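Subject: A structure for you to look at

Hello,

Here is the structure I promised to pass on to you. Have a look at it first, and then read on for what I found in it.

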Amino acid sequence: MMLGKMNGQFRLLLAGAALSAMVFAAPALAVTPADTLVQAWAIDDTITLDPAESFELSPAEFLGNAYDMLVRLDINDTTKVRPGVAESWTVSDDGLTYTFKLKPGLKFASGNPITAADVAWSFERVVKLDKSPAFILTQFGLTKDNVAEKAKAADDSTFVFTVDKSYAPSFVLNCLTATVGAVMDSKLVLEHVAPVTPTDDYKFDNDFGNGWLKTGYAGSGPFKIRDWRANEILVLERNDNYYGDKPALARVIYRHVKESATQRLMLEAGDIDVARNLEPGDLEAVSKNAELTTTSAPKGTVYYISLNQKNENLAKPEVRQALKYLVDYDAIGATLIKGIGEIRQTYQAKGVLGALDSNPFTFDPAKAKELLEKAGLKDGFSVTMDVRNTQPVTGIAESFQQTVGQAGVKVEIIPGDGKQTLTKYRARNHDMYIGQWGMDYWDPNSNAETFTSNPNNADDGTVKTLAWRNAWDVPELTEKTKAALLERDNDKRAAMYKELQQAALDTSPFVLIFQQTEVAGLRGNVKNYKLGPNFDSNFVAPVTKE
Amino acid sequence: MSSMENQTQARRANRRASAILKAVASFVVIVATTYLGLLAVTFFIGRVVPIDPVLAIVGDRAPAHVVERTRIEMGFNLPYYQQFYLYVKGVLQGDFGTSVLTTNPVMADIRRVFPATMELATVGTIIGAAFGIPLGVLAAVKRGSLADQIVRIIGLIGYSVPIFWLGLLALLVFYARLGWTAGPGRIDVVFEYTFTPITGFYLLDAVLNRDWAAFKDIFAHIILPASLLGYFSLAYISRMTRSFMLNELSQEYIVAARAKGLSETRIIWGHALRNAAVPLVTVIALSYAGLLEGSVLTETVFAWPGLGLYITNSLQNADMNAVLGGTIIIGSVFIALNLFSDLLYRLLDPRTRIR
């Protein structure tokens, strides 16, 4: 909390500090080792390195580089997948059976051979452990009882995956690119399992190596994870057993540095090669520095303001639309999110299959007033908004508070710590909430399911999608979202997602604002550093240093 | 020796033993209740914070059944008094629970982060005392002079300028512009492969390893944040030294010493400061304890993996085991340092010795 508050004033102070430091001459430059890429990044969201459990952003990048999956996202065309451990695959005519042929002669970093049995065991441990990301696999009808049958090795190099419905193949394959689908070195992990006393919730007598893998490593990616100390450092080291193009660099080191200003100083001084959390001010300074460059990529995270339908004013369709006309998109795009985001009013991220590129709303108080009058709220109304005290959401909330005021709507901002506002939001106790949503896996179903489906709107509903959190009861859209999953024609499937997004634009209680852009500041000698569309495809293997 | 004298002596020894026993017993009772109170208050504050602790473990995107199962696994579904009972029971058995954020036992985490903070605080306090005491003495002796004013201003700045800003300014000047010191962090990444921590106090570890290159690098890393903390405690120590010294210098024994013809140096450093040292020890000990709590802002700016960052991060994520563990450590440090300064008092001030 204190940090959040400090941050605002601190930019001004820093400017003062910069001025007073101008008088000093520049020192000799520090250099990082030639075979090592040193990145500064806030990595405090990493709580485990077990692919069956990890579901946060920074570990997705570590796991994406250190593990291999059956198939990988093709970052040159993000609506497609490319081979990973699997060389080729076929889908049966009924759409239920997927047969993967593994590449021959592959080895894990440990030297153990990669077999179809390893793949099957990896699926089994995810399903049996049943941690946060497990649903990405269990949504295909896998249960603890049937997983051994549904995901099994036909022979050493053939893995057969049987799903419960005739899903769109793109959906199944996209899900298998997620880090939860990592192929684990079963022989190595089995050496490290810890015994567990079975309970009603967990019926197995061991932990499938979950404890060891919190910090351990049993993969086959271009890098291996050598060391991780929470909130301090993570070290990736070249995996010499990797079958593909070997990384040019011997190691990649992530240092936990939280402050944007600190990262910038370190980058300028040459103590790091890459700075990952630059805020707009520091980013601008870096982009003006001749020795430094920047790179960016749109990420699958969207920021939105949501309107709880339990509030009788916000439940009126005209009010929902009016509020979409009361965001000053241009001003926000030009200042608050400059360089770190792009205005986007549809909920699918740019680049994902079926994403609708349409921004129909502009800041139009007159139009909004008209809509409010139709709703019988000519004089506006008062409403609260929960805002967590970090940028850029605080700034956007303040801008919104001011612009809705022009139509007579009085917004009271309730600031809070991140987890605190989130707890309230998840309990549906808010009026308005400003938040962000990152895709669970790289497929349009991920966001469609959360924004436009709500199977049970009751307070004790068990599928708590974003639509549920805002009490938006949409049986028709829910059905349509389900139907899109079973559409096996890719073009038709894409069209269905576009319709869903259009419906959300027209009626939803979600005022979508922007899609996040990930940016990095680089030393000039760092080449081929390319950020992917999601964190598990931020591949560092191609990076070189001159 | 007469039997009469023997008896009196025996009685005196008895009285003395029982006095010590009483003192120890009351000390134990005080410490125990302090701890229990500390635990209870922190525990219940942690539980009434409107943050769902399960959220920190499974994340926002976990399916509902995983959230519920985790809630039961962690015992968050039990009534508060039961949770508290179970926690205290664990602590008495030396089990402080597991941090949900790092998934390590809390004590293992603290063993890792506390040395970082302690090393920084120790160097900081040494700097603070080494400069603060002479400056305070100077200010007291030259009371009202220009020197006094300058010391006052130095102290005032150190005490009132936000340390966060000062830290960034220091980094900008001494690291980015002048290149005199190393940047944020404890050690350069080049030593990541050669340097093996033994105690967790890196300076000491470098000496033990006879790794002088690492020592130089560690020193270059610690000197800036430590000077900053040192400056902060210097401000406090110099003000307190000044006022203690003024108090001493106005005492009659100083007049007597002067009348005896002792040199001014001897009077100031040998007599006045010696007496002022008694309360000063408490001041320094408490200022040291304050730094040990972990200076969150300094640790943030300098990417220093210490206790302050650990507790703040835990608090924001409702990781109560970690917060409680950290609080107990800080509580223990305060109690231990108080005790230590009490003992030092007795050494320095003969009047407080038990007769």
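Let me begin with chain B, whose domain assignment gives domain 1 (2-92) and domain 2 (106-352). Please keep in mind that this is a predicted model. The centres of domain 1 and domain 2 of chain B, taken over C-alpha atoms, are 29 Å apart. Where they meet, 12 residues of domain 1 of chain B are in contact with 10 residues of domain 2 of chain B. On the domain 1 side, the elements that give two or more residues are α1 (3-48) and α2 of chain B. Of these, α1(B) has the largest share, with eight residues.

As for chain B overall, its secondary structure comes to 14 helices and zero strands. Its C-alpha atoms fill a box of roughly 85 × 70 × 40 Å along the principal axes. Chain B has 355 residues, and 41% of them count as buried. Among its contacts with a separation of 6 or more, 71% are between residues 24 or more positions apart.

Next, how the two chains meet. Chain B puts 44 residues into the contact and chain A puts in 54. On the chain B side, two or more residues come from each of α2 (53-58), α3 (64-73), α7 (163-177), α12 (296-301) and α13 (307-316). The biggest contributor there is α7(B), with 10 residues.

What about the interior? The largest nonpolar core has 249 residues, and those with the most contacts inside it include A:Leu70, A:Val183 and B:Leu171. At least three of the core's residues come from each of domain 1 and domain 2 of chain B.

One is helix α15 (residues 418-426) of chain A, where A:Lys419, A:Gln420, A:Thr421, A:Thr423 and A:Tyr425 are buried. These buried residues pack against elements of both chains: β14 (382-388), β15 (410-416), β16 (432-438) and α17 (466-469) of chain A, along with α2 and α13 of chain B. Just after α15(A), you will come to A:Arg428, which takes a positive phi of about 60°.

Another is a pair of helices in chain A, α9 (residues 260-269) and α10 (residues 280-288), which pack at an angle of about 15° with their axes 9 Å apart. At that angle, under the 35 degrees that counts as the limit, α9(A) and α10(A) are therefore roughly parallel to each other. Their crossing is right-handed. The contact is made by A:Ser260, A:Ala261, A:Arg264 and A:Leu267 of α9(A), with A:Asp282, A:Ala285 and A:Val286 on the α10(A) side.

A:Ser537 and A:Ile75 are 462 residues apart along the chain, yet 7.3 Å separate their C-alpha atoms.

Enjoy exploring it!

Best wishes

Notes
Residues are numbered from 1 along each chain as its sequence is written. Chains are lettered from A and ligands numbered from 1 in the order in which they are written. This is a predicted model: local features need pLDDT of at least 70, side-chain atom pairs count only at pLDDT 80 or more; totals for chains, interfaces and linings use all residues. A nonpolar core is a set of buried Ala, Val, Leu, Ile, Met, Phe, Trp, Tyr and Cys residues joined through C-beta atoms within 7 Å. A residue is buried if 20 or more other C-beta atoms lie within 10 Å of its own, exposed if 12 or fewer, and partly exposed in between; C-beta atoms are placed from the backbone. Domain bounds come from an automatic or database domain assignment. Axes are lines fitted to C-alpha atoms, for helices over the stretch in contact, and angles run from 0 to 180 degrees between N-to-C directions. Helices (H or I, at least four residues) and strands (E, at least two) are DSSP runs, numbered from the N terminus. Angles under 35 degrees count as roughly parallel, over 145 as roughly antiparallel, 65 to 115 as roughly perpendicular and the rest as oblique. A crossing is left-handed if the near helix is turned anticlockwise from the far one by less than a right angle, and right-handed if clockwise. Two residues are in contact if their C-beta atoms, placed from the backbone, lie within 7 Å.
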